[in-house]
Amino acid sequence: MTLINENYLKLKAGYLFPEIGRRVKAFTDANPEAKVIRLGIGDVTRPLAPAVIKAFHDGVDDLARGESFHGYGPEQGYDWLSKIIIEKSYKPLGVELMPSEVFISDGSKCDSANILDILALDNKVAICDPVYPVYNDTNVMIGRSGEADDKGYYEGLVYMPCTEANNFAPALPKEEVDIIYLCYPNNPTGMVATRTELKAWVDYANAQGSLIFFDAAYEAFISEPGIPHSIYEIEGAKTCAIEFRSFSKTAGFTGVRCGLTVIPEQLMALTKSGEKVALNKLWNRRQSTKFNGVSYPVQRAAAAVYSEEGWPQVQETISFYMENARLILAGLKAAGITCYGGVNAPYIWLKTPEGMKSWDFFDKLLNECHVVGTPGSGFGPSGEGYFRLSAFGSHENVQEAIQRIQQKWGK
Ligand SMILES: *Cc1c(COP(=O)(O)O)cnc(C)c1O
């Protein structure tokens, strides 16, 4: 008989977005005339930039001709893409990287999950609460946890609550941890970490010999000066941190698929007997065996994000979303709703009015305002009483959604 990986059975069945979909469908089936505005799921809505589309087409045309055909590319991605990323995205931050430290991939969800392949199960892992569910679930799947308790905390994982009380900035864990997941700008809270806060994490990790996974999927949305875009802007980060980046939110690649992972050459971890091993080499080995690279036209499209025409086009779309964020934030505040984020990230994290439970607020918002958002409790127990609205959508829809919320809750 074939046996399954029983860790999968520990996962709680009703995953957040299917449950949202189920409730929205039940509502629209019963109210087919209602105009439902969706500010729930974290997916972009605007088309790819014209310069990106042009490069994408050119890449496909190259494949149509014998002299410019490309077969398997390097598993780590084409050198020309790594080089342009370093030049345009890291150098301006004062961060020096080598192309061998940049691994191009089909997205950072996959990378942040697959990276667990090269690390021992014995590592103690700390994640934020609320959190991007991928970090939690992939650790459960690989067998690093026991069962979940009534609240939804898995045995063996360390949770770092991020609430209004600590301004959504987790405290350093009291117990010793080996791997720490940080995501800034944060999904779901939309909050950022200052240089001082990140320095404290880097110092902690270097002192403990622990590893930071830094998810910078939303770095392009940072609008305030002085907020770090990369963990490597912090002195000492190259000996303790892996950074994940993605073209998904930055340039609308959620359906195209391209991301990158940075592993500095000097980043080490230990064998059981105490020998140092470079994580860059292990990841390279992992990717060379289990991955065959991102398609050539996609990498051409990604490179065009940094081109003279592409860059301002991509920035314009980001500004468009951030104008939505501004409208949501201003509108909710005017209605007397306490909210966070939305300044350096496309997410607004609001405190539910009258202390409502997240799912109760979801139902009320859907039934009375015909607006869909994401219940904070779906991101972890400490998200209870909060709610996420995303800034992806049209100005008209965002304005209308906010008007409806103001009519319902405004003073
Ligand atoms: C959207 C998102 C990503 C990007 O994932 P891709 O696989 O690159 O599309 C990564 N991290 C977080 C927290 C996200 O919200």
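This is a predicted model: local features need pLDDT of at least 70, side-chain atom pairs count only at pLDDT 80 or more; totals for chains, interfaces and linings use all residues.
**View 1. Pairing of β11 with β12.** β11 and β12, the latter formed by residues 347–351, are joined in the antiparallel sense over three bridges. Within this part of the model, cysteine 339 stands opposite leucine 350, which belongs to β12.

View 2. The strands follow one another in the order β11-β12-β15-β14, and their pairing is antiparallel. Because β11 (339–341) and β14 (374–375) each have a single partner strand, they stand at the edges of the sheet, and one side of each is left without a neighbour there. Helix α12, spanning residues 358–369, packs on this sheet and touches β12, β14 and β15 (386–390), with its direction making about 45 degrees with that of β15.

**View 3. The open sheet of seven strands.** Here the order is β2-β8-β7-β6-β5-β3-β4, and the pairing is mixed. The edge positions are held by β2 (102–105) and β4 (158–161), each of which has a single partner strand, so that one side of each is left without a neighbour in the sheet. When direction is ignored, neighbouring strands of this sheet are turned by 20 degrees against each other on average.

**View 4. β7, β8 and helix α4.** Strand β7 (residues 241–246) pairs with strand β8 (residues 259–262) in the antiparallel sense, over four bridges, and serine 246 stands opposite glycine 259 in β8. Helix α4, made up of residues 79–90, lies across β2, β7 and β8 and runs at about 110 degrees to β2.

Conventions: Residues are numbered from 1 along each chain as its sequence is written. Side-chain values use heavy atoms; hydrogens and water are left out. Two strands pair if DSSP finds at least two bridges between them. Helices (H or I, at least four residues) and strands (E, at least two) are DSSP runs, numbered from the N terminus. Contact means heavy atoms within 4.5 Å. Axes are lines fitted to C-alpha atoms, for helices over the stretch in contact, and angles run from 0 to 180 degrees between N-to-C directions.
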